[in-house]
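The entries follow the order in which I took up each topic.

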Amino acid sequence: MLKVHLTSTTSTNDAARQWALRHPDRPVLVSARVQTAGRGRGGRTWQSPSGGAWFSVAWPISGGLSRYAAAPLRVGLALAEQLDRTLIGSVLDRPPLIQIKWPNDLLLRERKVAGILCETTHGGETPSILVVGVGINVNVDPGSLGDRLAMPATSLRQESGSVWDLSQLIEEAGDAVGQALASLGDHGLREAERAAIESRLAWRDQPVRLRSHDEGAIDGKVLGITGEGHLKLRTPSGLRVVHSGDVIRLRPGSAAECFSSLLQEQVSVT
Ligand code: BTN
């Protein structure tokens, strides 16, 4: 993998795409100390001060786009496992420490520590490229990330009390992303991967609200994920399988309580 480390750029997703267009046959990793126009999912801004691991891996797509549908979750699992290895010994919990908030946020002690943004480029003469952008709050002060975050943030430094070697962390996390993309199966997730993601799934059996462009708001309890990486929710009207959206946790005293009795009802899921 070609590796490029920049001091500053707008977004490493854009920089990685540009490098990949010049080197179409090989994966490219681009990191930056600072991003001036970092972006997150759903058109949100991603604050990227120095102290974070901000990098993107541009991957030449072979064998059709559908093969990459499970890439975001597969990458999330690889990063969660890598961060667990990094944290063990310095954070006092036992693994798994990092949870996956579907579809691809990583949480540490219920707060967001990392996010993943996957984008594709295709068309014309140029080969299709998948760009996987990763932002990990490593040594940043979560208070410097702004007060308009979709969910509370934390950082490795905040949770461990240690300052981390950013270059080493980017090296290890970048390799984990590369291995995850290189080992993608032809059809969705392998059963062992699906089970590993499910075992780290945040808020399992907890009341949540899913907000999706296609289906609006859906309240239910998190059941698990399918082999295609879709989220299974138990709702008052039965099992729902959702393909996209953002999940928020419903706290006691919120609308969750209205639904709790209905959600007691068991729905059998295979
Ligand atoms: C999210 O949780 O909404 C996804 C955040 C992804 C942020 C990373 S930082 C590196 C790469 N460049 C970007 O502009 N975004 C991603």
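**Entry 1, second largest pocket.** I began with the second largest pocket, to whose lining S6 gives the most, with five residues. The model I am reading is a predicted one. Helix H2 (71-87) is listed beside S6 as an element that supplies at least two residues of this lining. I noted a volume of about 450 Å³ for the second largest pocket. Its lining comprises 23 residues, and those closest to the centre of the pocket are Ala69, Pro72, Pro103, Asn104 and Cys118. By class I wrote down 13 nonpolar, seven polar and three charged residues for the lining of the second largest pocket.

The bond from Trp102 to Pro103 is a cis peptide bond, with omega near 5 degrees. I marked this for the notebook because most peptide bonds are trans. Pro103 belongs to the loop between strand S4 (98-101) and strand S5 (105-108).

I next asked how many cavities of 30 Å³ or more the structure holds. There is one cavity of that kind, and the volume of the largest cavity is about 40 Å³. Its lining is made by Ile100, Lys101, Trp102, Leu201, Ala202, Trp203, Val222, Leu231 and Val247. In the division by class, eight of the lining residues are nonpolar, none is polar and one is charged.

I located Trp203 in the loop between helix H5 (191-199) and strand S8 (207-212).

What volume of space lies in the largest pocket? I recorded about 1000 Å³ for the largest pocket, which is lined by 43 residues, with Arg44, Lys112, Leu149, Ala150 and Met151 closest to its centre. H1, S3, S6, S7 and strand S12 (246-249) are the elements that give two or more residues to this lining. S6 gives the most to the lining of the largest pocket, with five residues. The lining of the largest pocket has 15 nonpolar, 14 polar and 14 charged residues. I then looked up where the ligand is placed, and found that the space it takes is the largest pocket.

Which residues come nearest to the ligand? Of the 19 residues around the ligand, the nearest are Ser11, Gln35, Arg39, Arg41 and Lys112; Lys112 also stands among the residues closest to the centre of the largest pocket. Helix H1 (12-22), strand S3 (53-60), strand S6 (111-123) and strand S7 (126-136) each give at least two residues to the shell, and S6 gives the most, with four residues. I noted the shell's division into five nonpolar, ten polar and four charged residues.

For Gln35, a polar side-chain atom lies 2.8 Å from a nitrogen atom of the ligand. For Arg39, the atom is a backbone N or O, and it lies 2.7 Å from a nitrogen atom of the ligand. Arg41 likewise places a backbone N or O atom 2.6 Å from the ligand, in this case from an oxygen atom. The ligand on its own has 410 Å² of accessible area, and the protein covers 99% of that.

Note on methods:
Residues are numbered from 1 along each chain as its sequence is written. This is a predicted model: local features need pLDDT of at least 70, side-chain atom pairs count only at pLDDT 80 or more; totals for chains, interfaces and linings use all residues. Side-chain values use heavy atoms; hydrogens and water are left out. A residue is near a molecule or strand if one of its heavy atoms lies within 4 Å of it. A polar contact is a pair of N or O atoms within 3.5 Å; within protein, one must be able to donate a hydrogen and the other to accept it, and residues adjacent in sequence count only if both atoms are side-chain atoms. Accessible areas come from the Shrake-Rupley method with a 1.4 Å probe; for residues, only the protein chains shown count as cover. On a 1 Å grid over the protein atoms alone, a cavity is a set of points where a 1.4 Å probe fits but cannot get out, and a pocket is an open set with protein on both sides within 12 Å along at least five of seven lines; lining residues have an atom within 4 Å of a point. A molecule sits in a cavity or pocket if more than half of its atoms lie within 2 Å of its grid points. Ala, Val, Leu, Ile, Met, Phe, Trp, Tyr, Cys and Pro count as nonpolar, Asp, Glu, Lys and Arg as charged, and the others, Gly among them, as polar. Grid points are joined across faces, edges and corners, and a volume is the space filled by probe spheres set on the points.
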